[in-house]
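Here's a quick tour of a protein model for you. Keep the structure open beside you and find each spot as you read.

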Amino acid sequence: MNPTNARKRSRLLSSAVASASLMALGSAAYAEPVNLTLEYSCPFPLIGDQPIFAEISADIPAEVKVGEPLGPFQIEALTTVNEDSRLGLKLVGSATIEGVATSTNIITTGAGDRQIVVPLTIPQSPIPDQSGAFTVPATGEAEQQVFDAADVGQGTISVGGLVLDMVARTASGDVAPAPIGEFTADCTQVAGQDNILQTFEVVNDDPVPDPKIEVTPDNLEFGNVQLGLSAEQSVTIANTGGAILGINAITIDGSAASAYMQTNDCTTVAPGESCTVDVTYFPSGEGEQLAELSIQSDDPDNGLVGVPMSGTSVLQPEPEISVDPQSVDFGKIQVGTSASADITVSNVGDEVLYINGVSLDGAASGDFLQTHDCAMLTQDQACTITVTYTAPAAGVSTANLVIESDDPDAGVVDVALQGEGDSGSSDTVDFLLDLEGATTINANGSSLPLSGSIDAVLELATGLFTANLTIAPTEGTFQISRLFRRLTATAEVTFEQVGDTTGQLANSVLSSESQMYVQVPEVTTRLFGFKIPLGGGSECRTIDPVTIAMQTPDGETFEPLTGGNLSGTYDLPPLENCGLLTDVLNLFMAGSGNTIDLELTPNL
């Protein structure tokens with residue numbers, strides 16, 4: 001785009017905002033005209049980043065006196081909205097546009113930076129039906145500015161960022177549909193430009209400077225320190241004033257002052273310079289120890305500065321064992337079959353934990369078997385003990401897993417174990433499996449994680465089974481294209497089973513068929529940090545149930561007591577009742593070639 005034409009098309013409200021919001025200096029004597037042109041990039045919904053050229057002009061003096069009130073000033077601006085933006089607004093039926101433009105700018109002096117923020121009101125303005133750019137007015141007021149002695153010296157006025165908070169309305173006065181109806185455009189100034197509008201001098205009729213002390217940090221926290229060790233931290237004393245700062249005394253006071261020691265190189269500190277105080281904490285006894293570092297100086301406004309200090313003395317570190325879970329119930333399993341469970345042993349102490357032994361104890365300890373990799377655990381480390389129960393006969397078996405360690409407070413930990421053998425009818429077998437996996441939507445290339453369970457009854461003679469399949473709600477993200485922008489959408493997805501899942505287990509290969517409605521309660525996107533709905537709803541679901549056929553992959557096996565993998569492909573029917581963008585959503589969701597892969601494991 002030609003910069004000259006772009007400036008004619010995109011004279012932004014920031015043109016006047018930046019020029020007057022930076023300083024209320026235009027009314028000062030000896031003001032001189034200044035001009036600056038800057039380029040911005042502003043992100044707009046659907047159409048993406050748009051170039052904006054801001055022509056800034058103002059009357060700003062080259063010299064400003066301390067203490068003189070300057071301003072406030074009335075700001076008037078005219079914004080040109082380009083054709084791409086007009087098309088985006090009209091797409092959702094917008095008839096008018098209104099809002100607030102906020103300009104953020106920086107005044108830099110010897111005292112540092114001050115931020116000036118000026119909001120401008122954009123009144124409700126019509127959006128023409130005919131093609132081409134159109135303009136909207138904006139008005140606001142820049143606040144009064146006053147400089148003090150700390151600002152004396154050379155200063156600069158830099159033009160900063162721009163944020164547009166806009167509301168588009170339909171002809172009826174309602175807010176237009178998302179994402180155009182209400183949006184925020186956080187405009188970025190194009191890098192590499194000279195954004196200094198004016199360089200000026202702040203002068204003082206009474207230039208006698210004072211020293212000014214600044215101490216960082218404002219407190220010292222040493223945390224836990226083992227008895228017999230020490231910890232060090234430093235405090236910086238800086239002089240941000242205009243005269244030499246004299247340090248008269250540095251002392252440590254408080255109930256635990258004897259636990260701290262300080263050394264320093266601080267006597268006098270020139271303007272803009274600093275010195276350092278090093279503080280060492282020597283813990284004693286046990287518990288928290290408080291004191292204060294006191295700094296006396298000739299700063300006329302802040303002659304005594306206190307820095308609170310805290311540290312906690314701890315005794316010799318110790319290991320601490322944690323076991324999860326603390327009991328295991330294997331439930332009822334067929335006689336002659338087995339089930340396993342993992343027990344995690346962790347060291348939550350601050351010293352190495354040694355596992356001295358792991359064993360089984362109790363009347364039915366022979367029905368259980370344990371294996372482990374536990375020996376030595378450093379702080380926050382963990383190991384696993386796997387316990388397997390094999391049902392030898394009908395009835396309940398109980399035992400204890402005994403874990404011995406050098407934890408001084410819990411040297412022996414018992415984990416209660418229980419299982420029950422079932423010698424009931426052999427005509428059918430009930431099994432409950434957990435499922436984890438994912439499905440890929442071919443139309444948009446996204447993947448949705450899946451979790452849930454399957455509760456099945458298997459006929460041993462025929463291998464046929466019926467099951468209740470439960471899939472937990474999930475969500476996934478995908479890219480959609482609309483007009484001039486690619487948007488990332490997030491879809492919440494739930495599943496409603498239709499009838500039972502059926503299938504057959506033959507030669508250790510499981511095949512199944514399920515029917516379910518796929519529901520989409522919500523589809524959203526994010527623009528400029530705001531969550532914007534694109535569709536969905538309580539009635540948004542596939543027109544017909546989805547039929548999903550799955551089978552054990554080639555070369556793999558499936559057993560009810562150990563589980564296995566299933567995979568398949570399916571067609572996703574179109575969605576209905578999903579709002580204004582139902583057709584758009586179907587472009588990126590409905591269709592064939594979708595895949596599903598699941599891992600089924602026993603629910604213990």
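Let's start inside the largest nonpolar core, which has 42 residues. Within this core, Tyr40, Phe44, Leu89, Ile97, Phe134, Leu164 and Phe200 touch the most other members. A nonpolar core here is a set of buried Ala, Val, Leu, Ile, Met, Phe, Trp, Tyr and Cys residues joined through side-chain atoms within 4.5 Å. Buried means under 20% relative accessible area, exposed means over 50%, and partly exposed is in between, using a 1.4 Å probe and protein chains only.

Bear in mind that this is a predicted model: local features need pLDDT of at least 70, side-chain atom pairs count only at pLDDT 80 or more, and totals for chains, interfaces and linings use all residues. Residues are numbered from 1 along each chain as its sequence is written, and side-chain values use heavy atoms, with hydrogens and water left out.

**A four-stranded sheet**
- Four strands make an open sheet in the order β12-β14-β18-β16, with antiparallel pairing. (Two strands pair if DSSP finds at least two bridges between them.)
- At the edges sit β12 (213-216) and β16 (260-264), each pairing on one side only.
- From one strand to the next, the twist averages 20°. (Axes are lines fitted to C-alpha atoms, for helices over the stretch in contact, and angles run from 0 to 180 degrees between N-to-C directions.)
- β14 (residues 231-239) and β18 (residues 274-281) are antiparallel and joined by eight bridges; Gln233 has Val279 in β18 as its bridge partner.

**Around β29**
- One face of β29 (residues 412-422) is covered: Val413, Val415, Leu417, Gly419 and Gly421.
- The uncovered face of β29 has Val412, Asp414, Ala416, Gln418, Glu420 and Asp422.
- β22 (residues 327-334) pairs with β29 in the parallel sense over six bridges, and Lys332 is partnered with Glu420.
- β28 (residues 395-405) runs antiparallel to β29, with 10 bridges between them.
- Val396 stands opposite Glu420.
- β28 and β29 form a hairpin with six residues between the strands.

**Around β35**
- β32 (residues 464-471) joins β35 through four bridges, running antiparallel, and Leu464 has Gln504 as its bridge partner.
- Five bridges link β35 to β36, again antiparallel, and Leu505 is partnered with Leu510 in β36.
- Two residues lie between the strands in the hairpin of β35 and β36, where Asn507 takes a positive phi near 55°.
- Asn507 is not a glycine, and at 77% relative accessibility it counts as exposed.

**A hidden space**
- The structure holds four cavities of 30 Å³ or more. A cavity is a set of points, on a 1 Å grid over the protein atoms alone, where a 1.4 Å probe fits but cannot get out; lining residues have an atom within 4 Å of a point.
- The second largest cavity holds about 150 Å³ of space. (Grid points are joined across faces, edges and corners, and a volume is the space filled by probe spheres set on the points.)
- Its lining has 15 residues, with Thr439, Ile441, Phe495, Val518 and Tyr570 nearest the centre.
- By class, the lining has 14 nonpolar, one polar and no charged residues. (Ala, Val, Leu, Ile, Met, Phe, Trp, Tyr, Cys and Pro count as nonpolar, Asp, Glu, Lys and Arg as charged, and the others, Gly among them, as polar.)

- A cis peptide bond joins Ala178 and Pro179, with omega about 0°; Pro179 is in the loop between β9 and β10.
- The bond from Asp324 to Pro325 is cis too, with omega near 0°.

Conventions: On a 1 Å grid over the protein atoms alone, a cavity is a set of points where a 1.4 Å probe fits but cannot get out, and a pocket is an open set with protein on both sides within 12 Å along at least five of seven lines; lining residues have an atom within 4 Å of a point.
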